[in-house]
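Here are my notes on this model, in numbered points. Please read them with the structure open.

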Amino acid sequence: MATKRSIFEEVGAEQKGAATPAGGGIDARPKGARRGIRLWLLALFLLVATMIAVGGLTRLTDSGLSITEWQPVTGALPPLSAEQWQSEFDKYREIPEYQLQNKGMSLEEFKVIYWWEWGHRQLGRLIGLVWAVGFIGFAVARQIPPGWTGRLLFLGALGGAQGAIGWWMVASGLTGERLDVASYRLAVHLGLAFVILGFLAWYVFLLGRSEAELMTARRGREAKLVSLSTGLMHFTFLQILLGALVAGIDAGRAFPTWPLMNGQFFPADAFYVPDGQGGSLPVWHAFFENPGLVQFVHRMSGYLLLIFCIVVWLRGRKSAYQATQAAFHQVMAMMVVQMVLGIATVLTVAHVHVAITHQIGAVILWVLVLRARHLSQYPVSGSIREGTA
């Protein structure tokens, strides 16, 4: 039977014995160490971004084939004696890159490229260690938020696959007459690095707000903008893969002119790839091995990507949320910067500093596109005074 109340009793006054209302189901769930895991993933993100830059420098300095064996554990130690250094150098002198391109290289010159590749692999081991220590630590402490264990294990699996693909890539340049690794294997290796970086960035964005905040934000989801930004994300990833094909065969140094390619819109002999016996390989090889055609495709794709980015930006600048608008402004600005860097890379014959800046620009652009997509799906609401929804 309901308790009678005086008409003079304050509405907000507590009643004796009244039960305190429980919070919402989401708020009542265990949260886990969201902030701690976010910081850990952010550290991994920075390490992977650094790894991409170091990998680019390793390619630009032709250092990737200096270590001819895959030793995930024992390879962590570099040569520590003159005998060990000579042994590593002797192994390198057996591969085509030395015999056909670097014959006569001194041991001291070999050490320079060896340290680049050793540092690249060591950084990969460090990333694996940071992931393992972090995951085990949070799991043992039971601080992984509900639904996140699978996601974090998935990151570890991708990292393990990346190590194996890295060796698969290197192995392609150790036999036959190839002077570098196969360009399509390089594209797979770099592409997976950007996939890992993308998942890390997305998880960092998600952990930046509580589950309740994300569910509330999702109600303001701008479906059309999410669709357009998803398309932009895929197109940007494709352009990154095409850039890897360019780097894999040094196509960026083949036609150092712009906007034409050595005076032509379409390069001569674009579909010709010699077979080493006076003939030509099938046409499909040209899309991976002909410098002119590979660079042409990368250029044309870049122009189309810029046009599509403008279309997405025009839609994004009309978003009801200021944070989302700002995110698409940043994407558009970086897209222009990245295109200028690409042109500079061509005109400087892929100078090391310019080329690596172009690659770092790809990392920045990739993350900005992901952030714009995230804010389209989980917009940040502001106050009425700020003019946001």
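1. Start with F266. This is a predicted model, and in it F266 is partly exposed, with a relative accessible area of 34%. F296 has a relative accessible area of 12%. That value is under the 20% cut-off, so F296 counts as buried.

2. How are the rings of F266 and F296 arranged? Their centres are 4.8 Å apart. Their planes stand at 85°, so the pair is edge-to-face; planes over 60 degrees apart fall in that class.

3. Which parts does this pair tie together? F266 sits in the loop between α9 (223–248) and α10 (286–289). F296 belongs to helix α11, residues 291–316. The pair therefore ties together parts that are 30 residues apart in sequence.

4. W284 and F288 make another edge-to-face aromatic pair. The distance is 6.4 Å centre to centre, with 80° between the planes. Note the cut-off here: ring centres must lie within 6.5 Å to pair. W284 counts as exposed, at 52% relative accessibility. F288 is partly exposed, with a relative accessible area of 29%.

5. On aromatics overall, a search of the whole structure gives 25 aromatic pairs. One aromatic cluster is formed by W85, F89, Y92, Y98, F110, Y114, W115 and W118.

6. Now the second largest pocket. Its space comes to about 610 Å³. Lining it are 21 residues, and those closest to its centre are E177, R178, L179, V273 and E289. What is the make-up of the lining by class? There are eight nonpolar, six polar and seven charged residues.

7. Look next at I364, in helix α13 (residues 352–377). I364 has a relative accessible area of 40% and is partly exposed. Along the chain, I364 and A49 are 315 residues apart. Their C-alpha atoms are separated by 9.3 Å.

8. Last, confidence. The protein averages a pLDDT of 89, and 90% of the residues score at least 70. Residues 5–29 have pLDDT below 50. Beyond near neighbours in sequence, that stretch has eleven contacts in the model. Where else does pLDDT stay under 50? Residues 383–389 are such a stretch. For residues 383–389 the model has 13 contacts beyond four places in sequence.

Conventions
Residues are numbered from 1 along each chain as its sequence is written. This is a predicted model: local features need pLDDT of at least 70, side-chain atom pairs count only at pLDDT 80 or more; totals for chains, interfaces and linings use all residues. Side-chain values use heavy atoms; hydrogens and water are left out. pLDDT is the predictor's confidence in each residue, from 0 to 100. Contact means heavy atoms within 4.5 Å. On a 1 Å grid over the protein atoms alone, a cavity is a set of points where a 1.4 Å probe fits but cannot get out, and a pocket is an open set with protein on both sides within 12 Å along at least five of seven lines; lining residues have an atom within 4 Å of a point. Grid points are joined across faces, edges and corners, and a volume is the space filled by probe spheres set on the points. Ala, Val, Leu, Ile, Met, Phe, Trp, Tyr, Cys and Pro count as nonpolar, Asp, Glu, Lys and Arg as charged, and the others, Gly among them, as polar. Rings of Phe, Tyr and Trp (its six-membered ring) pair if their centres lie within 6.5 Å; planes under 30 degrees apart count as stacked, over 60 as edge-to-face and the rest as tilted. Helices (H or I, at least four residues) and strands (E, at least two) are DSSP runs, numbered from the N terminus. Buried means under 20% relative accessible area, exposed over 50%, partly exposed in between (1.4 Å probe, protein chains only).
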